[in-house]
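Please examine the sequence and the structure shown below. The briefing that follows is grouped by topic.

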Amino acid sequence: MTAISRTRKSVWNSSAAMGMYFINLVLEFYSRVIFLKYLGTEILGLNTTAVNLLQFLNLAEMGVWTAIATSLYKPLHENNYDEINRIVTLNGHLYRRIGGLIILAAAVLMGFFPFIFKKMELPLWYAYASFSVLLFSSLIGYFFNYKQFLLSANQQNYKIIFSYKLVVACKVVAQILAMELFPYPYFWWLGLEVGFACIASFSLHLTVKKTFPALEKCQEGFKTLRKKYPEIIKKIKQLFVQKISGFVLFQTSPIIIYGLSTLTLVTLYGNYMILINGIISLLSAMFNGMLAGIGNLVHTSEKGHILKVFDQLFAIRFYVIGVLCFGMWHGGQLFISWWLGAEYLLEPLTLGLLVAQFFFYVNRYVVYDFLSAYGYFGDVWASIAEVVINIGLSVWLGILWGLNGVIAGVLISIVIIAFGWKPFYLFKYKLKTGFGNFWAKMLNLSVTMAAAWIATGYIAPFFPTSAAVNLGALIINVLPGVAIFTIIYGLLLWLTSAPFRAVIHRFV
C-alpha cells in the first residue's frame with residue numbers, strides 16, 4: 001500500500017467518523033436530558049454502573065481484537081485469502097469461547113447484585129433487567145459479528161460506521177421518541193435496546209460478507225490453528241493484561257465512586273464524563289482512521305520515515321488536544337449549566353483534574369498506536385503496575401478527598417506509566433533512537449501550550465461576555481477565547497516545531 005493510498009483511506013475513514021461523531025454528539029447530549037426527565041438519576045446511575053460491570057466482564061475479550069488485527073496487515077496487503085481465512089476462523093473460535101465465559105461470569109456476578117446494589121432505592125429487578133439487556137447486546141458481537149475487525153485492519157472503518165453505528169444512532173432516536181410519546185419509558189428503553197442490537201449486527205454481517213466475498217470458514221479446528229499461530233496466542237495473553245489497565249483508567253472509577261458515595265454522585269460524574277467521552281470520540285474520529293495505515297507503514301517503510309511520521313502525528317495530536325483542553329476548562333462549567341442546570345455542577349477543582357486526566361490520557365495514544373502496529377506487547381509488568389497504582393491510589397485518595405481523590409489516582413497512574421515507561425519502551429526497542437528526544441519534543445510542545453494559555457488569559461477578558469445561561473451566551477463566552485488560543489498556539493508551534501510545520505504543509 002503506498003503512502004498516497006494510506007492517506008486517502010485515512011481521509012475516507014476520518015470523514016465518515018467525523019460525520020458520525022456530530023450525529024452522536026447531538027444525540028448523546030439531547031438524550032441525556034430526555035433520559036434524566038423520564039428515567040431519573042437513579043436509573044441513569046444504575047445503567048452507568050451496569051455498563052461498567054459489563055465492561056469488566058468484557059475484559060475476557062481484550063487483546064484478541066488487536067492481536068488478530070496486527071496479524072492481518074501483511075496477508076491483507078498481499079491479498080492472501082488462505083491466510084486470512086485461517087486467522088478469521090481462529091478468531092471465531094476464540095470469540096465463541098470468550099462469549100461462553102462471559103455468560104458464566106455474568107451469571108455469577110448477578111448472584112451478587114443484592115449486595116452490589118444494596119444502596120439502590122429502586123426494586124432489584126431493575127438492576128437485573130438493565131444488565132441483562134446490555135449483556136445481550138454485547139454477546140451478539142461474540143457469536144455473530146466477530147469478522148468485523150477485517151474492515152478495520154483493511155482501513156475500511158467507514159463501512160462499520162455506515163452499517164452498524166448509524167443503526168445504533170437510530171436506536172437512540174427511537175428511544176427518545178418512545179419516551180416522549182408512550183407510557184412506561186423504561187420498558188421502551190429495554191425493548192428498543194434489544195431490537196436495534198439485532199438489526200445493527202445483521203447489517204454489519206451483510207457488509208462484511210459483501211466486502212470480502214472470498215472469505216470462508218477454514219475447516220481446520222481450534223487446536224490445529226492455535227498450534228499454527230502461536231505468536232497470536234502469545235500476543236493475546238500479553239494484551240489481555242495490558243488492556244486491563246486501559247479499562248481500569250476510566251471504567252472502574254464510577255464503581256469506586258459508588259462504593260464511597262452514592263448513585264447520584266455517579267450520575268454527576270457521569271455527566272462530565274459524557275462531555276469528555278464526546279471529545280475523546282471527536283479525537284477518535286479524527287485519528288483512528290490512521291491506525292491501519294500506521295500498521296502498514298511500520299511493515300513497509302524504513303526507520304527514518306517512520307520517525308518523521310511519528311513526530312508529525314505527535315505534534316498535531318498535541319496541538320488538537322491542547323485546544324480541546326483549553327475549551328473544556330474555559331467552557332465546561334458553562335456547558336453543564338446550559339445543558340442540564342446549575343444543580344448538576346461539580347466544583348472547579350474537579351473539572352481541572354478531569355481536564356488534566358483527559359490531557360495525559362489521550363496524548364498517550366501515538367506511542368500506544370505505534371507499539372500496537374509493531375505488535376510489541378511484551379511489557380506485561382507495566383500494565384500490572386498501572387492497575388495496582390490506579391486502584392490503590394484511587395481508593396486511598398478517594399477516602400481522603402472523595403471524588404477529587406479518585407480522579408487524582410487515575411491521573412498519577414497515567415503519568416507514571418504512559419509518559420514514563422511506554423515511550424522509553426517504544427524508542428529503545430523498536431524505533432531504536434534516544435528516548436530523550438521524545439521528552440524534548442514533549443517539553444517544547446508543553447511550554448508552547450502554556451505560553452499560549454497565559455497569553456490568551458490576558459487577551460480574552462477584552463471580549464464581551466454574557467451572564468445568561470443559554471446557547472447564545474455559551475458561544476459568546478467561550479468561542480472568542482478558544483479561537484484566540486487556537487491561533488496563538490498554532491502560530492507559536494509553527495515557529496518552534498518542525499514536525500508541526502510539516503503536518504500543516506501536508507494538509508495544505
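Leu181 counts as exposed, with 60% relative accessibility; exposed means over 50% relative accessible area, buried under 20%, and partly exposed in between (1.4 Å probe, protein chains only). Leu181 has its place in helix 8, helices being DSSP runs (H or I) of at least four residues, numbered from the N terminus. This is a predicted model, in which local features need pLDDT of at least 70 and side-chain atom pairs count only at pLDDT 80 or more, while totals for chains, interfaces and linings use all residues. Residues are numbered from 1 along each chain as its sequence is written, and side-chain values use heavy atoms, with hydrogens and water left out.

**Nonpolar surface patch**

- Leu181 is one of the residues of a nonpolar surface patch of about 860 Å², together with Trp125, Val173, Leu177, Phe182, Tyr184, Phe187 and Trp188.
- Two elements, helix 8 (157-181) and helix 9 (185-211), each give two or more residues to this patch.
- Helix 8 supplies the largest share, three residues.
- Patches are made of residues with over 30% relative accessible area and no salt bridge; nonpolar side chains (Val, Leu, Ile, Met, Phe, Trp, Tyr) are joined within 5 Å, and like charges within 9 Å.
- Accessible areas come from the Shrake-Rupley method with a 1.4 Å probe, and for residues only the protein chains shown count as cover.

**Positive surface patch**

- Arg97, Lys223, Arg226, Lys227 and Lys237 form a positive surface patch.
- Lys and Arg count as positive and Asp and Glu as negative, whereas His and the chain ends are not counted.
- The place of a charge is taken as NZ of Lys, CZ of Arg, CG of Asp or CD of Glu.
- Helix 10 (residues 222-228) gives the most to the positive patch, namely three residues.
- Arg97 is located in helix 4 (residues 81-110) and is partly exposed, at a relative accessible area of 42%.

**Salt bridges**

- The structure holds four salt bridges, each defined as a side-chain nitrogen of Lys or Arg within 4 Å of a carboxyl oxygen of Asp or Glu.
- One of them joins the side chains of Glu83 and Arg86 (3.0 Å, N to O).
- Glu83 and Arg86 are three residues apart in helix 4, and therefore about one helical turn separates them; Glu83 is partly exposed at 21% relative accessibility.
- Another joins Asp311 and Lys441 through their side chains (3.8 Å, N to O).
- This pair links distant parts of the chain, 130 residues apart, with Asp311 in helix 15 (residues 303-339) and Lys441 in helix 20 (residues 435-459).
- Asp311 counts as buried at 17% relative accessibility, whereas Lys441 is partly exposed at 31%.
- The side chains of Asp379 and Lys422 also form a salt bridge (2.9 Å, N to O).
- Asp379 lies in the loop between helix 17 (365-374) and helix 18 (380-401) and Lys422 in helix 19 (residues 403-431), so this pair ties together parts 43 residues apart in sequence.
- Asp379 is buried at 2% relative accessibility, and Lys422 is buried at 4%.

**Gly436**

- Gly436 belongs to helix 20 and is partly exposed, at 48% relative accessibility.
- Gly436 and Gln242 are 194 residues apart in sequence and 25 Å apart in space, C-alpha to C-alpha.

**Model confidence**

- The protein averages a pLDDT of 81, and 90% of the residues score at least 70; pLDDT is the predictor's confidence in each residue, from 0 to 100.
- Among the elements, helix 2 (residues 40-57) has the lowest mean pLDDT (68) and helix 16 (residues 348-363) the highest (92).
- Where pLDDT is low, predicted coordinates should not be read in detail.
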